Amino acid sequence: MSVTDAVLPGGATAALVVFAIRLLREPRRLGNAVWLGVALLLAGLWLLRAALHLEWLTPILAGVVAIVALLLPAALVVNGVRMVRREGRSLANLLSFLLGVGMLVLEGLLFVPLGRWGSALVATATVLACYFGFLFASLLGYSILYGRLRRRTGFDAIIVLGCGLDGDRVTPLLAARLDRAIRLYEREPAPPLLVVSGGRGPGETTTEAAAMDEYLSSRGIPPERIRREDRATTTEENLTFSAELLPGGVRPPRVLAVTSNYHVFRTAVECRRLGLPFDAAGAPTARYFLPSALLREFAALILHYRRTTIAACALIIGTGLALAIFA
């Protein structure tokens, strides 16, 4: 047995143990996603190495990789076009399109002779793309896992985070959040308090909190079980200002923040950063909307941990330059 055959499964097991310990201590940590990603990556490399010993399987794996390398960016481009047609032209709605085009360009450059420095630049860009791709896949996988881990009942309060109105009307995205909150409310034996959170944004004729209050009341939620938080314009303010409306007491209230499914983990991370012992749950989102929404969430988390991101990018770029100079 080679050293690699021992290191890969051992490393995967060690990373999985670290992940499990961190998960038990605090599930709302971004580092949990990275450790889970490391464990799965090492396990995948170990399985791939074992599979490569089967000669008949090698061309099949190569074909699968080639197909994915072409289909994934193409699917992102198609999704970006659909986003612009349905949601309007903006940088946020163009994210999946731009990422897909960037991936196709980078993949094409891998087969073009560019000379020493050009090849070094493309190689460095490829490593950076792999780094961010690993982080994105790790966060996506852990976000799905986190959504399955939270408690299901026993909440004293449910906070519904706003996400914009169409004039004074609740949008389908916000309605999905409110409908999820109603289902959770009806599941509780003792009706929890519902806090609707959101101020008034550009193009809106009323506050999000007022519109959400009206939506809940029209669906049978008693007015005394609803509280409005009508100042917030960011997720941080949603959580902070809503916490001020919760009932006090010796025991901290058990609180659930309801948002869209793509926004759940960032909301949980934000709760931890603010020192709020809140859980988070997600409402379903239209499938065409998910790629761009997930990319926005990923960008927000990366910017939140920008020091680590800058350090990692500097290390990758510096290594690429060193290899180009001294190789």
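Predicted model: local features only at pLDDT ≥ 70, side-chain atom pairs only at ≥ 80, totals over all residues.

Colleague: What span should the 35 residues of helix 5 have, and how far apart are its end C-alpha atoms?

Modeller: Helix 5 covers residues 115-149, and at 1.5 Å a residue it should span 51 Å. The C-alpha atoms at its ends lie 50 Å apart, which agrees.

Colleague: How does this helix fit into the chain as a whole?

Modeller: The chain contains 11 helices and seven strands. Its C-alpha atoms fill a box of roughly 70 × 45 × 40 Å along the principal axes. Of its 327 residues, 39% count as buried. Among contacts between residues at least 6 apart in sequence, 71% join residues at least 24 apart.

Colleague: Which residues touch the most other members of the largest nonpolar core?

Modeller: In soluble globular proteins, nonpolar side chains tend to be buried together. Here the largest nonpolar core has 23 residues, and Leu178, Leu194, Val196, Leu216 and Ile221 touch the most other members. Two or more residues each come from strand 1 (157-161), helix 6 (172-187), strand 4 (193-197), helix 7 (208-218) and strand 6 (255-260). Helix 6 gives the largest share, seven residues. A second, separate core holds 17 residues, among them Leu36, Tyr142, Phe265 and Leu301.

Colleague: What does Leu194 touch, leaving aside residues up to four places away in sequence?

Modeller: Leu194 is in contact with Ile158, Ala181, Tyr185, Leu216, Ile221, Arg225, Ile226 and Arg227.

Colleague: Where do nonpolar residues form a patch on the surface?

Modeller: Such a patch consists of Val101, Val105, Leu109, Val112 and Leu114, which together have about 340 Å² of accessible area. Leu109 belongs to helix 4 (residues 95-109). Its relative accessibility is 32%, so Leu109 counts as partly exposed.

Colleague: How many salt bridges does a search of the whole structure find?

Modeller: Side chains of opposite charge can pair when their charged atoms come close. The search finds eight salt bridges. In one of them Arg254 pairs with Asp156, the closest N and O atoms being 3.3 Å apart. This pair links distant parts of the chain, 98 residues apart: Arg254 is in the loop between helix 8 (235-243) and strand 6, and Asp156 is in the loop between helix 5 and strand 1.

Colleague: Are Arg28 and Glu26 buried or exposed?

Modeller: Arg28 has a relative accessibility of 12% and therefore counts as buried. Glu26 is also buried, because its relative accessible area is 17%. The two form a salt bridge in which the closest N and O atoms are 3.1 Å apart.

Colleague: How exposed are the partners Asp166 and Arg169?

Modeller: Asp166 and Arg169 meet through their side chains in a salt bridge, at 2.9 Å from N to O. Asp166 counts as partly exposed at 42% relative accessibility, whereas Arg169 is exposed, with a relative accessible area of 54%. Elsewhere, salt bridges that share partners join Glu236, Glu270 and Arg273 into one network.

Technical notes:
Residues numbered from 1 in each chain as written. Heavy atoms only, no water. Patch = residues over 30% accessible without salt bridge, like charges linked within 9 Å, V, L, I, M, F, W, Y side chains within 5 Å. Areas by Shrake-Rupley, 256 points an atom, 1.4 Å probe, with all protein chains shown as cover. Salt bridge = Lys/Arg side-chain N within 4 Å of Asp/Glu carboxyl O. Helix = DSSP H or I, 4+ residues; strand = E, 2+ residues; numbered from the N terminus. Buried < 20%, exposed > 50% of the residue type's maximum accessible area, 1.4 Å probe, protein only. Core = buried A, V, L, I, M, F, W, Y, C linked by side-chain atoms within 4.5 Å. Contact = heavy atoms within 4.5 Å. Expected span 1.5 Å × (residues − 1).
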